[in-house]
Amino acid sequence: MRRRPGLSARLKLTLSYAGFLAVAGALLLAVVWVFLLRYVPDNSRGLLGIAPNRYLLVRMFAPAAAVAMVLLLVFGLVGGWILAGRMLAPLTRITDAARLAGSGSLSHRIRMKGRKDEFRELADTFDLMLEQLDSHVAEQRRFAANASHELRTPLAISRTLLDVAREDPTGDRRELIERLHTVNTRAIDLIEALLLLSRGDRGSFTRESVDLSLIAEEAGETLLPLAERRRIALDVTGEAARTSGSSELLQQMVTNLVQNAVVHNLPADGTVTVHTEARGDTSVLRVENTGRRLPPELVPTLTEPFQRGTERVRTDEHAGVGLGLAIVHSIVRAHGGTLDLAARSAGGLLVTVRLPARP
């Protein structure tokens, strides 16, 4: 947005300081005139018969008053310019940092020293904003790089399979079709997961009243065959926990959590517990599962896109695309809730989702 040029803040403050001193000097002279000179008789005998009279006093006082006014004005301009410069120096540093950030450099920090005041509070807030922006941009770059890699993998596999088939026309076409179908299905799942993640980040959905307990029961019924095949005990308990949001996204959130708990579990005889409850103005969903022990430093990274815990790639039919908990985190954040992950001491993970309750 183009604006017409105007006076700088430093010049405005300088003129304000100088004007204030000039007005103060004029008021002082007015006080002298009102309460002193006006009562001096204007005749040849002066005050109480003693010279000088008002005429002589005015002639003696006026030049000195004029010199004092000029000195006050000059002092106000010079001193105001210096003081304004010192006062606005932090703002200049903040402006320079904003220009650097506008040019794409988010690594610069102001780090203003000294005691806390309005300018230092603004500088600290700006540094925090730059830090968050830098972290967000870095996260987006990692996401783009990982997404590109994940999308490239099935395409590269498909090309390899087609090249092999072209060089060996006598090969088994049925096996080729099945392998291409598997690779294509994985690519479609990845793209749908990316679209769902993007939808959750935008928060573009219609809100309605949703009961988390009903969604948990439905997810449990859907994933019960998978749990039985893996010999995992799946238990859904709790009470009604109503919230406001998208039933489709919340269904995807609960399904991802339960499926993640079933897949990343013990080889056999594991357990998955899903529990819902209402705590005042918060609706809580807890998903707890047995499994391998997770390093504490790994747990905070599980919500990052394409993070697959202790295994980079799974070889079964539920290999996933590494976006399960990332999608859950995005959906929870879009609904104004919080997602907490905690490693169980005996192994496995405890996931707690807290969403604003709806009466």
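**Close-up 1. D269, a non-glycine residue with positive phi in the loop between helix 6 and strand 4.** D269 is exposed, with a relative accessible area of 63%, where exposed means over 50%, buried under 20% and partly exposed in between (1.4 Å probe, protein chains only). Although D269 is not a glycine, its phi is positive, at about 60°, whereas most residues other than glycine have a negative phi. The loop that holds D269 runs between helix 6 (247–263) and strand 4 (270–279); helices (H or I, at least four residues) and strands (E, at least two) are DSSP runs numbered from the N terminus. The model is predicted, so that local features need pLDDT of at least 70 and side-chain atom pairs count only at pLDDT 80 or more, while totals for chains, interfaces and linings use all residues. Residues are numbered from 1 along each chain as its sequence is written, and side-chain values use heavy atoms, with hydrogens and water left out.

**Close-up 2. R111 in the loop between helix 2 and helix 3.** With a relative accessible area of 60%, R111 is exposed.

**Close-up 3. The nonpolar surface patch and W81.** L7, L15, V70, L73, V74, L77, V78, W81 and I82 together have about 790 Å² of accessible area in this patch (Shrake-Rupley method, 1.4 Å probe, only the protein chains shown counting as cover for residues). Patches are made of residues with over 30% relative accessible area and no salt bridge, like charges being joined within 9 Å and nonpolar side chains (Val, Leu, Ile, Met, Phe, Trp, Tyr) within 5 Å; a salt bridge is a side-chain nitrogen of Lys or Arg within 4 Å of a carboxyl oxygen of Asp or Glu. Helix 2 (residues 54–102) gives the most to the patch, with seven residues. W81 lies in helix 2 and counts as partly exposed, at 39% relative accessibility.

Close-up 4. Strand 4 and strand 5 (residues 282–289) pair in the antiparallel sense over eight bridges, and the bridge partner of A278 is S283 in strand 5.

How values were computed: Pairing = 2+ DSSP bridges.
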